[in-house]
Amino acid sequence: SDESGTTQLNLAVSDAPVDSAQQVCIAVSALSLKQEGVTDEKTWGPLSLIDTDDNDGCLPDGYTIPKDENNNPTFFYLDLLQYQNGAKHALLSGAVIPSGNYEQLRLQVEDGRTSTLADETSATTEYPASYVKDADGAILPLEVPSSELKLHGFTAPVSGVLHYQVEF
């Protein structure tokens, strides 16, 4: 349609059941939308997205989330195992976006191999930002190539309401 307008976007995250892990913690740093034919992307940072309670228990004792130049956290945590069997975590609720075609929705998730937490004690121990705590309690870095999950495009209708759920 040649009409212009806006659409309301709601986005949630959930996880398929996993038996072999105690935690699956992802460090969410941003969400981006790329509209067809538009150079600038719409981006929500960690303070614009709906945060979890107490970082879902993913932040280990003695560590802090890195801060940006404005002293704001660079990400927040989601423990995907808390959002199974119908449970979900809303990242966006009622976000207003321009109507039209979108090429991509990208969820920025820190790669556990290259992104680490800040140690409050200044020790050299590195803790992966995104990680899996396996059934035995071992911490394994969660690999997120290019530090983002790319999802295909969609059409946002004029005066529409979109409800999407990303399932891991």
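Tyr131 counts as buried, at 1% relative accessibility; buried means under 20% relative accessible area, exposed over 50%, partly exposed in between (1.4 Å probe, protein chains only). This is a predicted model: local features need pLDDT of at least 70, side-chain atom pairs count only at pLDDT 80 or more, and totals for chains, interfaces and linings use all residues. Residues are numbered from 1 along each chain as its sequence is written, and side-chain values use heavy atoms, leaving out hydrogens and water.

**Aromatic pairs**

- The whole structure holds six aromatic pairs. Rings of Phe, Tyr and Trp (its six-membered ring) pair if their centres lie within 6.5 Å; planes under 30 degrees apart count as stacked, over 60 as edge-to-face and the rest as tilted.
- Tyr77 and Tyr131 are edge-to-face, because their ring centres are 6.2 Å apart and their planes stand at 75°.
- Tyr77 sits in strand E5 (residues 76-79) and Tyr131 in strand E9 (residues 131-134), so the pair ties together parts 54 residues apart in sequence. Strands (E, at least two residues) are DSSP runs, numbered from the N terminus.
- Tyr77 is buried too, at 0% relative accessibility.
- Tyr102 and Phe154 are stacked, with centres 5.1 Å apart and planes at 15°.
- Tyr63, Phe75, Tyr77, Tyr127 and Tyr131 make up one aromatic cluster.

**Disulfide**

- There is one disulfide, a pair of cysteine sulfur atoms within 2.5 Å.
- Cys25 is joined to Cys58, S to S 2.1 Å.
- The torsion about their S-S bond is about -80°, so the disulfide of Cys25 and Cys58 is left-handed.
- Cys25 and Cys58 are both buried.

Note on methods. Helix = DSSP H or I, 4+ residues; strand = E, 2+ residues; numbered from the N terminus.
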